[in-house]
Amino acid sequence: MRSILAGIVAALAFALPAFAAPTASLVLHADQPGARIEPEVQGQFAEHLGRGIYEGVWVGEGSSIPNTRGFRNDVIAALKRIHVPVVRWPGGCFADTYNWRDGVGPRKDRPTRVNNNWGGVEEPNAFGTHEFFEFAELIGAKTYVSGNLGSGSVREMGEWIEYLTTPTRSTLGQERRRNGREAPFKLDYFGVGNEAWGCGGSMRPQFYADLFRQAATFLRPGSGPTLRKVAVGPSADDYAWTEAVMAGAGDQMDALSLHYYTLPTGDWNHKGAAVGFDEAQWIGALSRTLHMDELIVRHTAIMDRYDPKKRVALAVDEWGAWYDTEPGANPGFLFQQNTMRDAVLAAVNLNIFHHHADRVRMSNIAQMANVLQAMVLTDREKMVLTPTYYVYDLYQVFQGATALPLEVQAPNYALGGVSVPAVHASAGRGLDGTVHIGVVNLDPRSPIEISVKLEGVHATIATGRVLTASAMDAHNTFEAPDAVHPVPLAKTRLRGDTLVLVLPAKSVTVVDLK
Ligand code: AHR
């Protein structure tokens, strides 16, 4: 009897594929190119908040932490490797109280202020205008400055722009030169306020639209081809804000912002923990982050009525995961760990932005260092790269790529009445012609086999890298900085026009087809 059973098992093992995971079918339409995925879609946000700037980027020239003119070498090198395309600075809510004059001139003479938004700590103003632009030049990023419309004035913003950009020998131009900068700075984007509906002035949208019009009239760069003005857009699903601001000022702006944070529970009082969470908070975070797609679709539909040619970009200039503060940490500093869940969440959002590349032409994840969903975490002289960093590393091939349609038919991953697609993906043709597919397995327990029918591309080589981990909250620490990192993709099968590969549970993969 035992030998008959053994024979049946052996026969089954021979007949069945070695791997009996669930499967998903994808169809890539490489012959239907869409919009360009602007590099700025992988932008960052750096606010004077907690250790985001001080220690995260700036340690000062006298620091024992290795630095270049005050900027920490390890962070600069890490950010250069992922080709950060643009950085938004100095806030956030901090920008709504910031006076740019506090941050220019000899450092020893700069005033100390109180950062009332974030912990009531002293703001030394050691990192100011010149430091920000030098930092952007060091990492090769474009610049996005948020002006203070909330508690500042149009005159202040106009003078800041003149100081930054004038090639003339005006008093402000000469002041810039005395402060060490002969040539105008390259200012690419200027935000006319931040969260004007909240920390930026508690305004109503019609009032903000009028203020935007007034400000836009006077905010003229002194040199350079363009300055793109970003208007304060909605918080999450505030469609009435988009309607009113587009109606009142749509013709004056180059971009409208959107802010949407992912909370695993959806409750600002109990957001959920960054580590040590259960599977309900895994799927809770992912289902809520998928809501980004609906937000973009519905805000875009409103924008389309006022701007059918899509001249105005939607700039998702604050987004990411926001968890409860770690026990013992300063609640005003928004420091949180960053796990495999954050990696999956980041890749899902980048995929969504690729799907809407014709309208979403910038995004700025919150935030770059030591704050919320960060790229890097630092502890004095130590630095770790987060799982989110590695997603940006994998996805940098999409910067400047042409979006390609990708149909996905996948089973759902469900838990406790919440259900999400197990597979989420996007595709693009890179500048060198290589076709890239970014694909995420949202299921934390089960691998999934995907087969991708390739239409409009003949590929003979499929390579790539995958980011995965055994635990949902796997993360890198200062003691074990390399626990989560991408590895080369082991097995792909490319047969004729079909690519087959297995996505590990809870993973982010980028495949390159040549
Ligand atoms: O990113 C943290 C804060 O979130 C920003 O300062 C603010 O604009 C938003 O509410």
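Contact here means heavy atoms within 4.5 Å. The model is predicted: local features need pLDDT of at least 70 and side-chain atom pairs count only at pLDDT 80 or more, while totals for chains, interfaces and linings use all residues. Residues are numbered from 1 along each chain as its sequence is written, and side-chain values use heavy atoms, leaving out hydrogens and water.

View 1. N351 is found in helix 9 (residues 340–355); helices are DSSP runs (H or I, at least four residues), numbered from the N terminus. N351 counts as buried because its relative accessibility is 0%, where buried means under 20% relative accessible area with a 1.4 Å probe, protein chains only. Beyond its neighbours within four places in sequence, N351 is in contact with Y395, H424, A425, S426, G438 and V440.

**View 2. The largest nonpolar core.** A nonpolar core is a set of buried Ala, Val, Leu, Ile, Met, Phe, Trp, Tyr and Cys residues joined through side-chain atoms within 4.5 Å. The largest has 145 residues, of which L28, F127, F135, F190, Y208, Y395 and V508 touch the most other members. This core lies between domain 1 (2–33 + 404–513) and domain 2 (39–399), because both give residues to it; the domain bounds come from an automatic or database domain assignment.

**View 3. Contacts of F190.** Leaving aside neighbours within four places in sequence, F190 is in contact with residues including Y144, M157, W160, I161 and L219.

Methods: Buried means under 20% relative accessible area, exposed over 50%, partly exposed in between (1.4 Å probe, protein chains only). Helices (H or I, at least four residues) and strands (E, at least two) are DSSP runs, numbered from the N terminus.
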